[in-house]
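Q: Could we go through this structure together? I would like to begin with the overall picture and then turn to particular residues.

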Amino acid sequence: MKAKLGFLLLLLPALGLIAGFLTALTSVLVMSVVDSSGALSLESYRSFLGDERYMTILLQSVWIAFYVTVICLVLGYPIAIAMSRSSRTVASLITLALAIQFFSIYVVKMYGWMLILGNNGVINRMLLGSGIVSSPVKFMYNELGVAIGLLAAALPLMVFPINAVLQTISLRYEEAALSLGAGRLRALLTITLPLSVPGILSGVILTFVFCFAAYLTPGLLGGGFFKMIGNVIYEQAVTRFNYSFAAAAAVITLVISLFAIVGLNKASQAFAGGRQ
């Protein structure tokens, strides 16, 4: 009886969160299919999908989320390998650095990058001081600045899932491959990398969705000159009070995210089936 009561007490917060999420999601879905008079209408979807400017922003949001995810994977996998293969002290220091970077206040973190990337920032001072450039390089208020900010913010989302899977892979597999004459690179590519695919896919999904729906990073480092779909939704809902249009844009963003998640899950299942 006490066990059941304890289980119910643990279940209630989860049910509350699920109910809150479903309520918010339903509200957005309903809002997206009504016009200003409250009548059912798909005009907001037609306006969004028929506007070249918004479609361009949507596609560039997908594109920047895609290549930032790829760069995070290229940079994050070696870091995860280092965490899983190094001593406990080194692994703890790497984890601490990533955790501080990820959990620090987002606005403060982005302002820090503004101080680094700005015309009078650290990088431009070094470039100007060394004579490499004669005028400040524009790192901010464009796609490059937004990509750098997203990369820095999303890197832990790639590293942690991969590291969690690597921790479960026994080193004996690599040792067996090495004892049979395989080099370290071949052992990594043929043993460790395929076994860590679930962690890679988890990291890819988290990173892509995080970058695709980003609002604050393009808002600060894009400065209004480079927008992503999150900025469009905010602008329509908060500035123009066009809630139906904002809801339609949010639903389209959600559908694309779900397609990406389902597609990667299908790829994961196909990969696992192919290896059996």
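Q: What share of the chain's residues count as buried?
A: Of the 276 residues of the chain, 35% are buried, where buried means under 20% relative accessible area, exposed over 50% and partly exposed in between, with a 1.4 Å probe and protein chains only. This is a predicted model, in which local features need pLDDT of at least 70 and side-chain atom pairs count only at pLDDT 80 or more, while totals for chains, interfaces and linings use all residues. Residues are numbered from 1 along each chain as its sequence is written, and side-chain values use heavy atoms, with hydrogens and water left out.

Q: How many helices and strands are there?
A: The chain has 13 helices and 0 strands; these are DSSP runs numbered from the N terminus, helices being H or I with at least four residues and strands E with at least two.

Q: And the dimensions of the C-alpha trace along its principal axes?
A: The trace spans about 75 × 75 × 40 Å. The accessible surface of the chain is about 16,100 Å², and carbon and sulfur atoms account for 72% of it, by the Shrake-Rupley method with a 1.4 Å probe, where for residues only the protein chains shown count as cover.

Q: What about contacts between residues at least 6 apart in sequence?
A: Of those contacts, 71% join residues at least 24 apart, a contact being heavy atoms within 4.5 Å.

Q: Moving inside, which residues touch the most other members of the largest nonpolar core?
A: They are Phe48, Ile64, Val68, Val146, Leu150, Ile162 and Leu166, in a core of 50 residues. Such a core is a set of buried Ala, Val, Leu, Ile, Met, Phe, Trp, Tyr and Cys residues joined through side-chain atoms within 4.5 Å.

Q: Which elements give two or more residues to this core?
A: Among them are α2 (43-49), α3 (52-85), α7 (143-166) and α13 (243-275). The largest share, 12 residues, comes from α3.

Q: Take Ile64. What does it touch beyond residues up to four places away in sequence?
A: Ile64 touches Glu143, Val146, Ala147, Leu150, Phe226 and Met228.

Q: New topic: how many disulfides does the structure hold?
A: There are 0 disulfides, with a disulfide taken as a pair of cysteine sulfur atoms within 2.5 Å.

Q: How many salt bridges, then?
A: A search of the whole structure gives 4 salt bridges, each a side-chain nitrogen of Lys or Arg within 4 Å of a carboxyl oxygen of Asp or Glu. In one of these, Glu174 pairs with Arg85, with the closest N and O atoms 2.7 Å apart.

Q: Where do Glu174 and Arg85 lie?
A: Glu174 is in helix α8 (residues 171-179) and Arg85 in helix α3, so the pair ties together parts that are 89 residues apart in sequence. Glu174 is buried at 15% relative accessibility, whereas Arg85 is partly exposed at 29%.

Q: Which residues are linked in a network of salt bridges?
A: The network links Lys227, Glu235 and Arg240. Lys227 and Glu235 meet at 2.7 Å, N to O, and Glu235 also bridges to Arg240, where the closest N and O atoms are 3.7 Å apart.

Q: Are those three buried or partly exposed?
A: Glu235 is buried, with a relative accessible area of 14%. Lys227 is partly exposed at 25%, and Arg240 is partly exposed at 49%.

Q: Finally, how many aromatic pairs are there?
A: The structure holds 10 aromatic pairs. Rings of Phe, Tyr and Trp (its six-membered ring) pair if their centres lie within 6.5 Å; planes under 30 degrees apart are stacked, over 60 edge-to-face and the rest tilted. One of the pairs is Phe102 with Phe103, edge-to-face at 5.0 Å centre to centre and 85 degrees between the planes.

Q: Is Phe103 buried or exposed?
A: Phe103 is exposed at 64% relative accessibility, while Phe102 is partly exposed at 24%.

Q: What of Phe208 and Phe212?
A: Phe208 and Phe212 form a stacked pair, 5.8 Å centre to centre with 20 degrees between the planes. The two are 4 residues apart in helix α10, so about one helical turn separates them. Phe208 is buried at 11% relative accessibility, and Phe212 is buried at 0%.
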